[in-house]
Amino acid sequence: MTSSAIETIIDSCCLYVEKIFVYRSFFADFFSQDFIHKKIVLIDSIKDVEDADFLISIGGDGTFLRAVNFIEKKHIPIIGINMGRLGFLSNLQIKDIPFIFQSLKNKNYSLEKRMLLKSVSLAETFGEVAIFALNDMCFHRTDDSDMIVVDVKVDGKHLNTYWGDGLIVSTPTGSTAYSLSCGGPIVHPTLEVFLIAPIASHALTVRPIIVPATTLEICVKSRTHEFLLSKDSDTQKVSDNATIIIEKADFSIDVINFECQNFYKTISEKLMWGADKRFSLL
């Protein structure tokens with residue numbers, strides 16, 4: 001990510017909007033000292049924003065996920081401009097900027113609702129009232145432990161006891177992330193289901209499964225009596241003496257989509273479906 005690219009985005013934004021809120025630390029990292037716009041308001045927290053029509057995430061999918069943590073229940077639609085690598089969430093490019101802001105100005109866009117995972121039982125671990133994840137919550141063995149055992153119930157009914165390196169509980173949005181690399185299916189992001197995928201399962205017969213987005217009860221056992229739990233990009237060490245409840249969050253994230261975008265086009269381009277590299281060798 002370069003300062004000139006960021007400044008190009010802000011310059012374009014200033015042509016179409018009345019006010020731009022920019023995190024003070026972000027501004028210090030990426031903007032030159034003489035880059036000043038009267039429309040820019042520097043903020044230290046999302047609490048400093050009284051109202052906003054949309055949020056722009058500039059970076060990769062990791063940046064997009066961190067941006068979601070800032071808005072949560074504020075119902076501010078989010079746009080992802082990709083300056084990372086793959087970019088399933090941040091799937092717009094720098095070259096699209098004039099089109100993006102013209103479409104926003106003319107309201108030529110739609111909102112796509114994305115469900116999130118929620119766990120109140122992990123609030124104390126992460127220091128929040130409740131924790132949320134747009135992509136996934138993952139249960140991992142620690143670096144110095146053997147396999148962990150993960151017992152899963154769906155609506156109080158026993159699903160399976162997983163032996164291995166861990167388990168991924170994913171939303172449809174996260175189906176193209178870690179879950180996909182562990183053999184999970186690709187799921188359309190507007191569906192409301194949970195994906196459960198084992199990580200390096202000790203049993204070859206165990207496969208990923210899709211279940212209704214209701215209530216999961218997860219109990220982890222480890223010889224070290226602790227394991228790693230991650231929600232999107234945030235990881236903490238957790239004691240294995242508690243049952244973790246995961247549910248569908250009571251709010252969703254609004255992702256802005258333009259006419260040129262659709263999920264099928266994105267996965268086709270990002271995963272190079274239908275591309276035949278043999279012709280490039282001729």
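The points below go through the cavities, a pocket and the strand pairing of this predicted model.

1. Basis. Residues are numbered from 1 along each chain as its sequence is written, and side-chain values use heavy atoms, with hydrogens and water left out. The model is predicted, and local features need pLDDT of at least 70, while side-chain atom pairs count only at pLDDT 80 or more, and totals for chains, interfaces and linings use all residues.

2. Terms for voids. On a 1 Å grid over the protein atoms alone, a cavity is a set of points where a 1.4 Å probe fits but cannot get out, whereas a pocket is an open set with protein on both sides within 12 Å along at least five of seven lines; a lining residue has an atom within 4 Å of a point. Grid points are joined across faces, edges and corners, and a volume is the space filled by probe spheres set on the points.

3. Largest cavity. Two cavities of 30 Å³ or more are counted, and the largest holds about 200 Å³ of space. Its lining has 19 residues, of which Phe88, Asn91, Glu112, Arg114 and Phe263 are the closest to the centre. Two or more lining residues come from each of β4 (78–82), β5 (110–114), β18 (253–257) and α7 (263–270), where helices (H or I, at least four residues) and strands (E, at least two) are DSSP runs numbered from the N terminus. By class the lining has nine nonpolar, eight polar and two charged residues; here Ala, Val, Leu, Ile, Met, Phe, Trp, Tyr, Cys and Pro count as nonpolar, Asp, Glu, Lys and Arg as charged, and the others, Gly among them, as polar.

4. Second largest cavity. The volume of the second largest cavity is about 30 Å³, and its lining consists of Leu65, Val68, Asn69, Glu72, Leu116, Phe132, Ala133, Leu134 and Asp232. The elements that give two or more residues to this lining are α3 (61–71) and β7 (131–133), with α3 providing the largest share, three residues. Six of the lining residues are nonpolar, one is polar and two are charged.

5. Second largest pocket. This pocket has a volume of about 260 Å³; among its 14 lining residues, Asp61, Gly62, Leu86, Gly87 and Phe88 are the closest to the centre. The lining divides into five nonpolar, seven polar and two charged residues.

6. Strand β3 and its unit. Strand β3 (residues 55–59) is largely enclosed by the rest of the structure, because four of its five residues are buried, that is, under 20% relative accessible area with a 1.4 Å probe and protein chains only. β3 pairs with β4 in the parallel sense over five bridges, pairing being counted if DSSP finds at least two bridges between two strands; glycine 59 has asparagine 82 in β4 as its bridge partner. Together β3, α3 and β4 make a right-handed β-α-β unit, meaning that, with the strands pointing away from the viewer, the path from the first strand over the helix to the second runs clockwise.

7. Antiparallel sheet. An open sheet of six strands has the order β7-β6-β17-β14-β9-β10, with antiparallel pairing; β7 and β10 (157–164) are the edge strands, each pairing on one side only. From one strand to the next the twist averages 25°, with axes as lines fitted to C-alpha atoms and angles running from 0 to 180 degrees between N-to-C directions.

8. Pairing at β17. Strand β14 (residues 215–221) and strand β17 (residues 243–248) run antiparallel and are joined by five bridges. Within β17, isoleucine 245 stands opposite glutamate 217, and threonine 243 is the bridge partner of cysteine 219. Strand β6 (residues 117–119) also pairs with β17 in the antiparallel sense, over two bridges, and lysine 118 stands opposite glutamate 247 in β17.

Notes. Buried means under 20% relative accessible area, exposed over 50%, partly exposed in between (1.4 Å probe, protein chains only).
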